[in-house]
Amino acid sequence: MINHIDLSTVLRRTVCDLYSNLVTRPTGAAVRTAIETQLAELGGRTVTVIDFSNVGLLDYSCADEVVAKLLLPYCDDCPPRDAYFLFRGMSETHLDALEHVLERHRLALVLQQEDGAPTIIGAVSEAERRAWEATLGIGGGSVGEIGGAAGLATEETEMVLEGLARRRLMMRIEDQWVAVGSPS
Amino acid sequence: MTTVINVPPSLDDVTFEQVLDQLAPLPADEKILVDARHARWASPFGLTALLTLAQTRAERPAFAPPEAEETVSYWNRTGFFRYAAELFDIVGSSPRQKPAGESDVLLEITPIAKSDDVHEVVGRIQQKAQHILTRELNLDAKATMGFAMTLSEACQNIVEHAGRGGWVAVQTYKWTKRLGRRVVVIAVCDAGVGFRQSLESAPGRTRSDRWDDAMALEEAVVRGVSRFRDPGRGQGLAGVRRYVGRWDGKLSVRSGNARIAIVPSWDDDVALREGLAPFAGAQMQITIPERTAGR
């Protein structure tokens with residue numbers, strides 16, 4: 001199931017209908033709580049598209065509250081639910097704040113770029129990036145297929161894919177792996 | 001008895017120390033008259049710091065406005081007298097206050113106490129900053145959003161840590177003496193708990209042998225330490241530092257009896273000053289210079 005969240009709408013609905021900037025920690029916490037409430041109403045595996053298109057400014061504090069604190073529980077051993085996230089509509093200045101926040105928490109996320117192509121940003125190793133891009137490139141596959149495309153040994157590929165899945169950047173469907181953001 | 005505190009003719013972050021030196025020996029409940037009659041110019045730091053000074057006094061201080069008409073006119077346009085009238089007994093006739101929103105100042109002196117105030121100043125600065133930063137200071141258009149972000153994080157320091165309200169002001173001017181170029185300056189001042197006390201309130205904190213205002217400033221400004229255990233904290237000041245570095249700017253933060261600065265090549269300030277006259281809260285100044293060819 002794909003769920004779409006327009007952050008500027010959430011901001012206006014939960015904090016103030018005159019605001020278009022995601023600034024300050026209390027604002028970020030209120031927006032994150034609204035997203036979590038929406039996610040709690042969904043069952044099963046979901047991909048949530050978080051849309052920054054109509055957000056003006058994003059500061060570090062708000063990026064930490066909205067994005068990092070939203071993702072952290074899902075990268076834990078016992079995530080609250082089987083949720084994945086795809087971010088879109090981010091400007092260069094949004095990314096400036098976000099990339100530092102992701103690095104600080106050793107987090108990564110999938111970003112849909114302006115041309116629609118997904119990419120991963122944040123703290124990822126070279127092997128993780130290769131495996132993720134290979135999975136995206138071949139439209140998903142088995143460990144062997146992804147390892148072949150990425151130029152990684154089977155054992156390493158398996159370990160890397162498990163790590164990517166734990167970080168909500170990759171989905172496992174039986175013995176197949178699919179990169180979050182792949183055209184479904 | 002009233003003690004007269006003389007305001008220097010040119011009031012900025014450096015000369016404000018002369019004001020604090022005069023204030024240091026006086027108990028907080030001693031009546032003072034802040035005499036600005038001979039002041040001719042003040043930076044956003046100087047004006048917000050004067051308001052902050054008034055907040056630190058147990059006995060309501062008196063204030064003698066500048067004698068020079070153009071100085072009064074400028075201070076009025078910054079919104080100074082609107083708040084000075086609430087904090088000081090103004091000696092003589094109080095200058096006619098200009099209604100809010102009619103000024104050519106980039107961001108008039110604005111009180112900061114809560115998150116909504118930060119939204120307000122960020123919204124206001126975005127409207128005015130783009131033109132000034134790109135046309136007058138020749139900064140990249142990208143600098144505008146970063147500038148608003150820096151302003152936001154600097155103001156949030158008050159909301160998150162000071163424990164009481166403070167002030168922000170932003171202005172551009174030509175910094176003839178030190179730089180010979182235009183600058184845009186953000187001043188954020190509060191009379192709250194200051195960095196040392198804020199960090200001391202961190203849960204489970206163990207004090208080291210050397211622990212003073214200077215070390216607290218080093219921890220917070222240089223190492224990004226916060227009173228909160230949350231690893232996501234401390235990113236605001238780190239972001240301010242990065243922005244200042246990217247645009248060849250200067251950041252200085254005063255708290256207690258110390259002052260730390262990230263000093264660019266165009267300035268000869270020292271990185272750390274200790275043993276200054278004590279002053280409550282924290283006072284931050286961010287200076288971004290005009291970009292010239294080759295820089």
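This is a predicted model: local features need pLDDT of at least 70, side-chain atom pairs count only at pLDDT 80 or more; totals for chains, interfaces and linings use all residues.
**Stop 1: a helix in chain A.** Select residues 25-40 of chain A, which form helix H2. The helix has 16 residues, and its first and last C-alpha atoms are 22 Å apart, close to the 22 Å expected at 1.5 Å a residue. Now colour its buried residues: A:Arg25, A:Thr27, A:Gly28, A:Val31, A:Arg32, A:Ala34, A:Ile35 and A:Leu39. In an α-helix, residues three or four places apart point the same way, because there are 3.6 residues a turn.

**Stop 2: a strand pair in chain B.** Go to residues 2-6 of chain B, strand S1. Which residues lie on its covered face? They are B:Thr3 and B:Ile5, while B:Thr2, B:Val4 and B:Asn6 are on the uncovered one. To see one pair, select B:Thr3 and its bridge partner in S3, B:Ile32.

**Stop 3: an open sheet in chain B.** Show the 7 strands in the order S7-S8-S9-S13-S10-S11-S12, which pair in the antiparallel sense. Strand S7 (107-112) and strand S12 (272-273) are at the edges; each has a single partner strand, so one side of each has no neighbour in the sheet. Zoom in on S7 and S8 (residues 166-175), an antiparallel pair with 4 bridges. Here B:Thr110 has B:Val168 as its bridge partner.

**Stop 4: the nonpolar cores.** The largest nonpolar core has 89 residues, and A:Leu7, A:Phe52 and A:Phe87 have the most contacts inside it. Its largest share, 9 residues, comes from helix H6 (residues 142-162) of chain B. Apart from this core lies another, of 39 residues, including B:Phe16, B:Leu47, B:Leu51 and B:Leu87. Then centre the view on A:Phe87. Leaving aside residues up to four places away in sequence, A:Phe87 touches A:Ile50, A:Phe52, A:Val67, A:Leu71, A:Leu109, A:Val110, A:Leu111 and A:Gln112.

**Stop 5: where the chains meet.** Show both chains: 23 residues of chain A are in contact with 25 residues of chain B. Between them the chains bury about 2,200 Å², 52% of it on carbon and sulfur atoms. On the chain A side, select A:Leu57, A:Tyr60 and A:Arg104, which lose the most area to chain B, together 29% of what that side buries. How many salt bridges are found across the interface? There is 1. Finish with A:Asp96 and B:Arg246, whose side chains meet in a salt bridge at 3.2 Å, N to O.

Key: Residues are numbered from 1 along each chain as its sequence is written. Chains are lettered from A and ligands numbered from 1 in the order in which they are written. Side-chain values use heavy atoms; hydrogens and water are left out. Buried means under 20% relative accessible area, exposed over 50%, partly exposed in between (1.4 Å probe, protein chains only). Helices (H or I, at least four residues) and strands (E, at least two) are DSSP runs, numbered from the N terminus. Two strands pair if DSSP finds at least two bridges between them. The expected span of a helix is 1.5 Å times one less than its number of residues. A nonpolar core is a set of buried Ala, Val, Leu, Ile, Met, Phe, Trp, Tyr and Cys residues joined through side-chain atoms within 4.5 Å. Contact means heavy atoms within 4.5 Å. Buried area is the accessible area (1.4 Å probe) that two parts lose on being put together, summed over both. A salt bridge is a side-chain nitrogen of Lys or Arg within 4 Å of a carboxyl oxygen of Asp or Glu.
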